[in-house]
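Let's take a walk through this fold, starting with the strands and ending with the aromatic rings. Keep the viewer open as you read.

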Amino acid sequence: MHIFHNPVHGRHDGRHEMFRGRLVPCHETPARLEYVLDALRQRGIGTLQTPAAPDLDLIRRVHSPRYVDFLQGAWADWIALDPANAELDILPSVWPVRGFRHDISPTNFAARVGLFSFDSGSPLTAGTWEAAVAGAACAIDAARAVSRGNGSRAAMALTRPPGHHAGADFFGGYCFLNNAALAAQALREAGAERVAVLDIDYHHGNGTQSIFYERGDVLTVSVHGDPTTEYPFFLGYADESGRGAGVGANLNLPLAAGADFAGWNE
């Protein structure tokens, strides 16, 4: 099996996130992936491969070009405001909620951060873009390795930051580029007629759902905690089945708090 890992994932290492009104140390840290990589090395499982250069054209077919441009240049824009910002992370503080415009291109940096985000718990750092785009390359290369065959029907992408909360033009939930969506798109473009994304993270993959919600060529299925009580709250309900060409291609299976494995397994 091909196992791709992100050698620069540690360059995304946020200092703080906002949680219940306080700045607290980030929960999503480089140690999470290093723990997995160490376990694989100890067990001698597979040969770890590094990805090729990221396919930015494919990334821009899944994520909006203006969002990609924002991510790529956010840190430089942040430092340009004040060199002292190098000691701080970028966190959003204002958002365009219901009734506000989303089609505009504000020049104010705080407004731009808010335009492309949905929570205050996902800091942008000096190395966020480099880590995220290398992670995207892992997912794309893993999908293409499976498409080529060469005796392997499976591949693994070990990377962070994670991806399933990132939409076509927004970040949040520690996610900036949607690795699963990029892998699915790579499989479709390689000729796969049937592609499915099965998400079993505790939290709903709202970004993946939103990317494919009006497409019928990628089935998205998510098993997750009930969004009436669990993050990300505003998507992930059982009645969300797709729109337009995507009707019937989205399946959410939310589980109530306290559900045991038997309930999950049903």
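**Strands, a helix and some rings**

In this predicted model, three strands make up an open sheet, paired in parallel and ordered 4-1-5. Strand 4 (48–49) and strand 5 (155–158) sit at the edges with a single partner strand each, so one side of each has no neighbour in the sheet. Strands of a sheet pair through backbone hydrogen bonds, either parallel or antiparallel.

Now zoom in on strand 1 (residues 2–5): four bridges tie it to strand 5 in the parallel sense. Lying across strand 1, strand 4 and strand 5 is helix 1 (residues 30–43), which runs at about 135° to strand 5.

For antiparallel pairing, look at strand 2 (residues 16–19) and strand 3 (residues 22–25), joined by four bridges. Histidine 16 has proline 25 as its bridge partner in strand 3. These two strands form a hairpin with two residues between them, and arginine 20 in the turn has a positive phi of about 50°.

On to the rings. Searching the whole structure turns up ten aromatic pairs. Take tyrosine 231 and phenylalanine 233: their ring centres are 6.1 Å apart and their planes stand at 80°, so this pair is edge-to-face. Tyrosine 231 is partly exposed, at 24% relative accessibility, and phenylalanine 233 is partly exposed too, with a relative accessible area of 34%.

Key
Residues numbered from 1 in each chain as written. Predicted model: local features only at pLDDT ≥ 70, side-chain atom pairs only at ≥ 80, totals over all residues. Heavy atoms only, no water. Phe/Tyr/Trp six-rings, centres within 6.5 Å; stacked < 30°, edge-to-face > 60°. Buried < 20%, exposed > 50% of the residue type's maximum accessible area, 1.4 Å probe, protein only. Pairing = 2+ DSSP bridges. Contact = heavy atoms within 4.5 Å. Axes fitted to C-alpha atoms, helices over the stretch in contact; angles between N-to-C directions.
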